[in-house]
Amino acid sequence: MDLLLLELLKLLPRWEDIEDLLQDELEARYILKKATIHMEKLQIGISGGDSEEEEIKYLICALVDRNWERIHTGHFSSVPLSIRKIYAIGCYFKIFFLLLEDTRPDQKEECSGILDEAQLLGCMEDWSELKIALMDYLDKGKEEITELLPVLEPLVRISCTCDIPQLDAPSLKEFQTKCFQAQQPTLLLNTMEHWPARKKWLDLNYLLRVAGNRTVPIEIGSNYASDEWSQQLVKIRDFLDRQFGSKKANQEIEYLAQHELFSQIPALKSDISVPDYCSISKDDPPGSVDIKAWLGPAGTISPMHYDPKHNLLCQVFGSKRIILADPKDTENLYPHDSEFLGNTSQIDAAKLDMKTYPLLERVKFYELLLQPGDCLYMPPKWWHYVKSEAPSFSVSFWWE
């Protein structure tokens with residue numbers, strides 16, 4: 001066995017680590033107990049034989065398939081965390097059984113896809129050390145990506161109207177009083193100049209090197225509320241090439257939107273930092289902060305919608321035109337009736353149709369341009385429409 005793989009085996013969940021999780025999951029309990037015992041024996045040089053290994057591998061694959069089906073039954077938000085954890089653990093063991101069988105590049109590529117899907121659907125927070133080590137192992141020895149992507153020119157800041165207050169690097173106290181407590185959308189200036197991402201991410205080849213082999217969900221179509229919109233799992237390298245590289249001509253607009261990229265690719269997280277403003281909360285201690293990535297070409301649109309949490313939208317490169325509306329105007333903004341789009345308006349905020357939607361006459365809209373280095377604070381349930389005016393990378397921080 002490969003020595004590096006043997007070291008990785010030591011990071012796999014042990015039976016005592018997962019026993020409590022599996023109290024009410026008899027099938028998973030039986031399979032994962034056999035798998036953990038088998039892997040612990042391998043670590044000390046005891047082999048159970050090919051037939052035993054084949055049987056446990058078959059059971060693990062069945063466990064992964066079964067929990068994939070459970071995750072895809074009903075709405076993702078209602079899937080119990082325990083099922084997502086079992087799915088992730090099963091994927092870890094499936095990867096190791098495949099690597100014990102073969103470590104050729106095509107096998108590693110398959111394992112890399114399984115790991116990405118485990119991150120997208122499962123819950124891997126309890127085994128982040130194993131995740132990072134496994135990513136490094138699977139990426140080693142891959143062919144270098146030789147095709148060059150552009151290095152984007154930083155946009156020159158322009159003077160433009162802004163319908164909401166602006167604050168220059170406010171203190172925590174000032175932010176708490178004027179923004180958080182007042183529930184006042186505010187444009188925050190000069191709060192992220194220290195981020196390495198501000199310069200590093202302009203070189204799309206850097207993103208390609210660090211993240212190119214990862215699989216992510218991509219939105220196809222400029223607007224998720226349109227009938228033509230769809231989603232697809234793709235490698236980041238293919239997405240970057242299609243939207244920014246040699247294949248971008250005549251391509252549909254694609255958008256890496258609202259994705260937890262930084263838990264999937266920790267190397268990118270070191271290029272940003274969670275703003276101190278996110279520590280201000282009515283809860284003590286403050287809750288966790290959800291970090292989302294938004295990467296795409298000019299022309300991506302998030303239709304008028306609201307989010308339930310406090311939101312800091314930080315612009316790394318590119319610019320976005322934003323239109324806001326107060327939650328008090330919700331009944332005048334024509335939300336969709338469907339559960340999936342209940343937080344989304346039927347209107348096109350950039351081209352108001354007063355004849356079809358006459359109640360819009362009552363709504364006061366606020367417009368601004370989010371430029372590189374700007375952060376927009378939006379209190380919970382403030383409506384916002386967002387359109388990228390140039391190739392753009394934004395990071396949002398959501399907290400209770």
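This is a predicted model: local features need pLDDT of at least 70, side-chain atom pairs count only at pLDDT 80 or more; totals for chains, interfaces and linings use all residues.
Q: Which residues of α6 are buried?
A: In α6, Gln107, Lys108, Cys111, Ser112, Ile114, Leu115, Asp116, Ala118, Gln119, Leu120 and Leu121 are buried. Buried here means under 20% relative accessible area, exposed is over 50%, and partly exposed falls in between (1.4 Å probe, protein chains only).

Q: OK, back to α6: what does it span?
A: Helix α6 covers residues 105-121, so 17 residues, and reaches 24 Å from its first C-alpha to its last, close to the 24 Å expected at 1.5 Å a residue. That expected span is 1.5 Å times one less than the number of residues. Helices (H or I, at least four residues) and strands (E, at least two) are DSSP runs, numbered from the N terminus.

Q: What does His259 touch?
A: Leaving out residues up to four places away in sequence, His259 touches Leu120, Val216, Pro217, Gln264, Ile291, Lys292 and Ala293. Contact means heavy atoms within 4.5 Å. Leu120 is one of the buried residues of α6.

Q: And is His259 buried or exposed?
A: His259 is buried, with a relative accessible area of 7%. It lies in strand β5, residues 254-259.

Q: Which side chain does the His259 side chain make a polar contact with?
A: That of Gln264, at 2.7 Å. A polar contact is a pair of N or O atoms within 3.5 Å; within protein, one must be able to donate a hydrogen and the other to accept it, and residues adjacent in sequence count only if both atoms are side-chain atoms.

Q: What about Glu254, buried or exposed?
A: Glu254, also in β5, is buried at a relative accessible area of 4%. Its side chain has a polar contact of 3.1 Å with the side chain of Arg242. Arg242 is also among the residues that Glu254 touches, including Ile218, Glu219, Ile220 and Phe239.

Q: Which residue is the bridge partner of Ile220 in β5?
A: Glu254. In β4, the partner of Ile220 is Ser230.

Q: How do those strands pair up?
A: β3 and β5 are antiparallel over two bridges, while six bridges join β3 to antiparallel β4, residues 230-235. Two strands pair if DSSP finds at least two bridges between them. As for β3 itself (residues 215-220), five of its six residues are buried.

Q: New topic: where does Glu367 lie?
A: In strand β10, residues 365-370. Glu367 is partly exposed, with a relative accessible area of 33%.

Terms used
Residues are numbered from 1 along each chain as its sequence is written. Side-chain values use heavy atoms; hydrogens and water are left out.
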